[in-house]
Amino acid sequence: MQPKVSIIVPCYGVEKYLDRCMESLVNQTLKDIEIILVDDKSPDRVPEMCDEWAKKDERIRVIHKEKNEGLGFARNTGLEVSTGEYVAFVDSDDYVDVKMYEKLYSESRDADVVYGGFFTENRPNVWIESKETQEKMSLSEDGVYSFLLDMIASASGVRQERKYQMSVWHGIYNKSVIDKYNIRFPSEREVASEDLPFQVDFLFRSSKIVYITGSYYYYCLNGTSLTSTYNPNKYERFKRLREVLVKKRSEDIEFVCRCNRFFIGYTRKHLLNLIHNKRTDEKEIISHIVNDNIWHKLEEEYPTKNLSGYHKIVYSLIVKNKPFILLCFLKFVAFVSARKNFRKNSGND
């Protein structure tokens, strides 16, 4: 009998968190599921732990990959063997409410994808609920297209960076759509986000999506921080991600505009991350970014007059090739932000 939902769980370096994740999955109130553990050649006890879980529950399948290829390709490996009516993706250092897949599947009639809300761990054991809709949404045709655009980035002139989370882990996806169009994840080692291209490919081929109000996914802190996760190569992966997305619908002016805003916003966050990291080569990195020819192209394509004050200043300093002033401004922004966070946290203690 075909499972209602196949839950794909890539596993790498999560010995500390895997049991927590698995407890939340094997105890789902929706019993007709399969759980696919993809051991991405993890160097710790994860391979043995996966096998131990498979012995406990016949719904669990384990795939041991011969080489580590990253999260996106591990999900693809799971897709190749999944047999469920719908497919879900869970990061193995996170966990879910035991009612998550019952709630999502119960709303799946005629829907290609069903999304739910989620919680984000802001600080250890401090959770922020993200409810992106206050009432159940059921969208088709133009509604799906508008939803996709707002997932990439908000329209020009809207202060909020984007309206909907791009991550795949808070939804279930119709497997027949995935199979029909051979939708797969790119490697996050090549592009900055493996989730967004998948969402774009899937939603462009969806006729109906549903978003319910309940929150069921728990996106956890796992010991990393803003400074420790800085990667100077990520800017180039942001550029490649923009290129990948634009090629999918280059004739669609509004789609390209949203992709450009996405790139501008993530570059700004990347620069702030650089400042928080306090690297000795920050001047060289900023000079490299502001001298990139892509900014001349974006200046022609994106209506920057609609950017908000702070965002407009950063963008203007980039396109006008003012690396030193940009560096000083970013340090000022980082200082002000740190002061605000300190006061906020002190007030909560």
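This is a predicted model: local features need pLDDT of at least 70, side-chain atom pairs count only at pLDDT 80 or more; totals for chains, interfaces and linings use all residues.
Residues are numbered from 1 along each chain as its sequence is written, and side-chain values use heavy atoms, with hydrogens and water left out.

R242 lies in helix α8 (residues 234–248); helices are DSSP runs of H or I with at least four residues, numbered from the N terminus.

The table lists contacts (heavy atoms within 4.5 Å), leaving aside neighbours within four places in sequence.

| Residue | In contact with |
|---|---|
| R242 | C259, N260, F263, I294, K297, L298, E301 |
| W295 | Y235, F263, I264, T267, I289, V290, Y315, I318, V319 |

W295 and Y101 have the most contacts inside the largest nonpolar core, which has 109 residues. Such a core is a set of buried Ala, Val, Leu, Ile, Met, Phe, Trp, Tyr and Cys residues joined through side-chain atoms within 4.5 Å. Helix α9 supplies the largest share of this core, eleven residues.

Helix α9 (residues 253–277) packs with helix α10 (residues 282–290) at an angle of about 170°, their axes being 10 Å apart. The pair is therefore roughly antiparallel, a term for angles over 145 degrees. On the α9 side the contact is made by T267, H270, L271, L274 and I275, and on the α10 side by E282, I285, I286 and I289.

Methods
Axes are lines fitted to C-alpha atoms, for helices over the stretch in contact, and angles run from 0 to 180 degrees between N-to-C directions. Helices (H or I, at least four residues) and strands (E, at least two) are DSSP runs, numbered from the N terminus. Angles under 35 degrees count as roughly parallel, over 145 as roughly antiparallel, 65 to 115 as roughly perpendicular and the rest as oblique. Buried means under 20% relative accessible area, exposed over 50%, partly exposed in between (1.4 Å probe, protein chains only).
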